[in-house]
There are 2 protein chains.
Amino acid sequence: MQEQRIRLPELRKRVCSAEHAALWIEDGMTIGMSGFTRAGDAKVVPLAIAERAKTEHLKISLMTGASLGNDVDKTLTEAGAMSRRMPFQSDPTLRAAINRGEVMYVDQHLSETVEQLRTRQINAIDVAIIEAIAITETGAIIPTTSVGNSASFAILADQVIVEINLTQSLELEGLHDIFIPKHRPRREPVPIMSVSDRIGSTAISIPPEKIVAIVITQKSDSASTILPPDHDTAKIASHLVNFFKDEVRDGRLTNSLMPLQAGIGTIANAVMSGFIDSPFEHLTMYSEVLQDSTFDLFDAGKLDFASGSSITLSSQKSREVFNNIGKYKDRLILRPQEISNHPEVIRRLGLITINTALEADIYGNINSTHVLGTHMMNGIGGSGDFARNAYLSVFATKSIAKDGKISSIVPMVTHVDHTEHDVDIIVTEIGLADLRGLAPRERAQKIIQHCVAEPYKQMLFDYLAEAELRGGHTPHVLEKAYAWHTRYRETGTMSEVAGTLKAVA
Amino acid sequence: MQEQRIRLPELRKRVCSAEHAALWIEDGMTIGMSGFTRAGDAKVVPLAIAERAKTEHLKISLMTGASLGNDVDKTLTEAGAMSRRMPFQSDPTLRAAINRGEVMYVDQHLSETVEQLRTRQINAIDVAIIEAIAITETGAIIPTTSVGNSASFAILADQVIVEINLTQSLELEGLHDIFIPKHRPRREPVPIMSVSDRIGSTAISIPPEKIVAIVITQKSDSASTILPPDHDTAKIASHLVNFFKDEVRDGRLTNSLMPLQAGIGTIANAVMSGFIDSPFEHLTMYSEVLQDSTFDLFDAGKLDFASGSSITLSSQKSREVFNNIGKYKDRLILRPQEISNHPEVIRRLGLITINTALEADIYGNINSTHVLGTHMMNGIGGSGDFARNAYLSVFATKSIAKDGKISSIVPMVTHVDHTEHDVDIIVTEIGLADLRGLAPRERAQKIIQHCVAEPYKQMLFDYLAEAELRGGHTPHVLEKAYAWHTRYRETGTMSEVAGTLKAVA
């Protein structure tokens, strides 16, 4: 095993237990771990750190690519080992600690973390913990199912711990494309002109002496938590497919559209699945996470190439794909998230970006993160990298949540992650609003008319009418802008009808 | 005159009056005009269009680079000729019409308008009206004091009207650098690796037969409306200079900092002037509008090179500069705003961006545009292009407005143009908050502590304390989030003290 997995012989003596490796971690350190959307995360050393924290004072700042699986965030939080976390998470236990103000969470555009690290504008990484399929003859690290921030973490850290995961196939070698921009002012263009362009190396080159410990693991990536498409997500997909058909008919797009990005989660995955039964062909993806739908599209012959930073699949799809990775490998690239989400490349390629809104307002501002404006769900992730620089920026959401007690379209969002300037299309199961070239008052009419179900549709028209009496480019009634949210907090529903009933009772 | 100014002889017969040229405009057309921050705007044909609109039904959609001078927006609005306007304006009369809902205003990131035009996602330009110093031997148009969107407007329009302005010196020839990205999917990197890189041509090449009319004018650019530095802006500049000194001391920046961008207006201009008496040297600018301070910095020997999209100066400075343009010319480039504001170049060069906030909130979200959340001032301009992709994003504002009746720092901004993710530094005359690497609760402490004057400082600490009782990553008391704004609307001040007094009275 070791000959294939640790090809530089002198490093084989660094193999140790997770407990032993965890001793490199000191209280107050900043740790950079692999892991992006539950894929390719360090799986055993973090748990050993949590064990230590149960009996000694050991708190770390944790940076990753994005969200982790294997209950790593949960276990570190419960052990009291987590003081600070960036740039993304999606764990319920950690989320609760963040919302109690116990863990300081820095929610960042996913392309930016390593820029800030590289210029020492945030605390330096002390130790990087990186999952790998193998270490090469020169001591370079070959990542597993994600690249995320792993390359820059390993390059910038003083010490590197490698988790070699035997459940991850050696066939993944060659999938990764590691490219690190030069330091300014000598920085050159990122030379990607097509989604399939390879511009870097297949492994992360670092001085081998920085690898202070190697741990052998056999834990799998956690499976994706997305739900299968349902009636509403199918309607959303259908509205979008019809919109793109019209764009092709009007000559603005060809039948292969533009490179596609889809955010993580059930809705974006369902929208992508909707392309299977579409007339579009030779599609390409330039995205961050590649989900089940990516491989469904490959299998349907619809997709020519997919570039991402991670592969996150359901249990069944994971077996199908990774047992047959050779079938897909020449049509896949995994890049550092700085590159998968790079504004330069996104703008150059002209992406169609499809991301999910937690709530949207009548003018098209988007809240992706904060429930009732205060409580963090996951984080902005890469949506800001993509939406700002897209050829066409789509945000999708079901029109209601909690059996209709919440309207996803509200008078004013309680937190803004994406301003109206970055939102071209809003689509719900009710319909699609094409907002390109429209002023706010026009956007409001389109969104309310096309995207909202009753009783909220009439309530929004009423709000808009009252707001327009007050005037302004973007009319609002400030003292009522959050009345729906405070009503929900007090009565359990945003609807005036039910709210009144409860108030009377 | 004509030999120098209209060098292609066959075009000389197209010279006509403004009234005659304006006859090319038809009701319902989309017109693209030169002009960026009052510089290089078309000056006489638009007024002739307004004259026509007084006696016939003539409404146009007007696109420009940015704001216009010479009362063009005012005159077209008063004549009822303006139905739609994008992507930026700063005229009081037009602003009032926008806020009444009479003119549909599309407030856009300044780098994006021509991308949407080029891909036909918004209405096509019918006629372009471009101010020029001359037309070359091949029929190419040499712009005057701005490039803005002029190049793409002229290339994309069916017909082009040129205003040759004899007050603009022929010495401006060679200043401009016209580069147009190729259509996707054949688009290549924008090859700017340094602020001084020239990558295009010095004139806008179009088929000469598209030039349907040439009008000779002698009207000057309107002077800049910025105010001179005052005590408060000097304090803001001083806080920033001290911050940068610390960054140099800590080895994160060199004494020439990084290329600087400064937004339009009094505060950003004053901040740049503050660098005159700083220890920094060999500064460079990669900005959109070059204001008085740019030339003050040249004269002080502090600035090596400035790249922009326009030159907008006060009357006195305008005489000094344009009568001695030869002195500055080899240190200046004017680019299309798509390039001056291009995310790719901004990120590659690593700019320090300095923009002005209308209001900021305790978490560092910025409102650049909407008074009390509803009424448009000017527009987002290029601030979104710059702040999102900056090495370091600074927002500056005076801590109070209207003699203290308004606090520029509020519990929650009523409109978000820049989310907390895009804001690294907030600076007022009170002090500077360095927000890098901080979570929202930490950002709030820093902003309130360092940037706010009493009585608002204590009021914000009180708000934050009450909000934190409710919990959340970004604590708020939604029903009180806009209480300051509604109090101002009702009582004329945001302050509780004065508000209470008035309520009692």
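Where is the place of A:Lys402? A:Lys402 sits in the loop between strand E21 (400–401) and strand E22 (406–407) of chain A; helices (H or I, at least four residues) and strands (E, at least two) are DSSP runs, numbered from the N terminus. With a relative accessible area of 54%, A:Lys402 is exposed; buried means under 20% relative accessible area, exposed over 50%, and partly exposed in between (1.4 Å probe, protein chains only).

Before I continue, a word on conventions. This is a predicted model, in which local features need pLDDT of at least 70 and side-chain atom pairs count only at pLDDT 80 or more, while totals for chains, interfaces and linings use all residues. Residues are numbered from 1 along each chain as its sequence is written, chains are lettered from A and ligands numbered from 1 in the order in which they are written, and side-chain values use heavy atoms, with hydrogens and water left out.

I return to the annotated positions. An unreviewed UniProt entry places the feature "binding site" at A:Asn378, A:Gly382 and A:Lys402. These residues are spread over 25 residues of sequence and also in space, with up to 26.2 Å between C-alpha atoms. UniProt positions are given here in the numbering of the model, feature names are shortened, and annotations may be inferred rather than shown by experiment.

A:Asn378 belongs to the loop between strand E19 (375–376) and helix H15 (383–389) of chain A. At 23% relative accessibility, A:Asn378 counts as partly exposed. Leaving aside residues up to four places away in sequence, A:Asn378 touches A:Phe88, A:Gln89, A:Ser90, A:Arg95, A:Tyr105 and A:Thr369, where contact means heavy atoms within 4.5 Å. With one of these, A:Arg95, the side chain of A:Asn378 makes a side-chain polar contact of 2.8 Å. A polar contact is a pair of N or O atoms within 3.5 Å; within protein, one must be able to donate a hydrogen and the other to accept it, and residues adjacent in sequence count only if both atoms are side-chain atoms.

The unreviewed UniProt entry also places the feature "domain: Acetyl-CoA hydrolase/transferase C-terminal" at residues 319–459 of chain A. The end C-alpha atoms of that span lie 48 Å apart, and the span is 30% helix and 24% strand.

I turn next to chain B. Which strands does E3(B) pair with? Strand E2 (residues 60–63) of chain B runs parallel to E3(B) and is joined to it by 4 bridges; two strands pair if DSSP finds at least two bridges between them. Within that pairing, B:Ile60 has B:Met82 as its bridge partner. The chain passes from E2(B) through helix H4 (residues 72–78) of chain B to E3(B) in a right-handed β-α-β crossover. Right-handed means that, with the strands pointing away from the viewer, the path from the first strand over the helix to the second runs clockwise.

E3(B) is also joined to strand E4 (residues 104–105) of chain B, in parallel, by 2 bridges. Here B:Arg85 stands opposite B:Tyr105. E3(B), helix H5 (residues 92–99) of chain B and E4(B) make a right-handed β-α-β unit. Strand E3 (residues 82–86) of chain B is mostly covered, with 4 of its 5 residues buried.

At its start, a side-chain oxygen of B:Asp91 reaches to within 3.0 Å of the backbone nitrogen of B:Thr93. The buried residues of H5(B) are B:Leu94, B:Arg95, B:Ala97, B:Ile98 and B:Asn99. They pack against H16 of chain A together with H4, E3, E4 and strand E19 (375–376) of chain B. Just after H5(B), B:Gly101 takes a positive phi of about 80 degrees.

Finally, the salt bridges. Over all chains, the structure holds 70 of them, a salt bridge being a side-chain nitrogen of Lys or Arg within 4 Å of a carboxyl oxygen of Asp or Glu. In one, A:Asp221 and A:Lys43 bring their closest N and O atoms to 2.7 Å. This pair links distant parts of the chain, 178 residues apart. A:Asp221 counts as partly exposed at 22% relative accessibility, whereas A:Lys43 counts as buried at 0%.

A:Glu247 forms a salt bridge with A:Arg436, at 2.8 Å between the closest N and O atoms. A:Glu247 lies in helix H8 of chain A and A:Arg436 in the loop between strand E25 (432–434) and helix H16 (440–451), 189 residues apart. Both residues are buried. They also belong to a network of salt bridges whose members include A:Asp246, A:Arg249 and A:Asp434.
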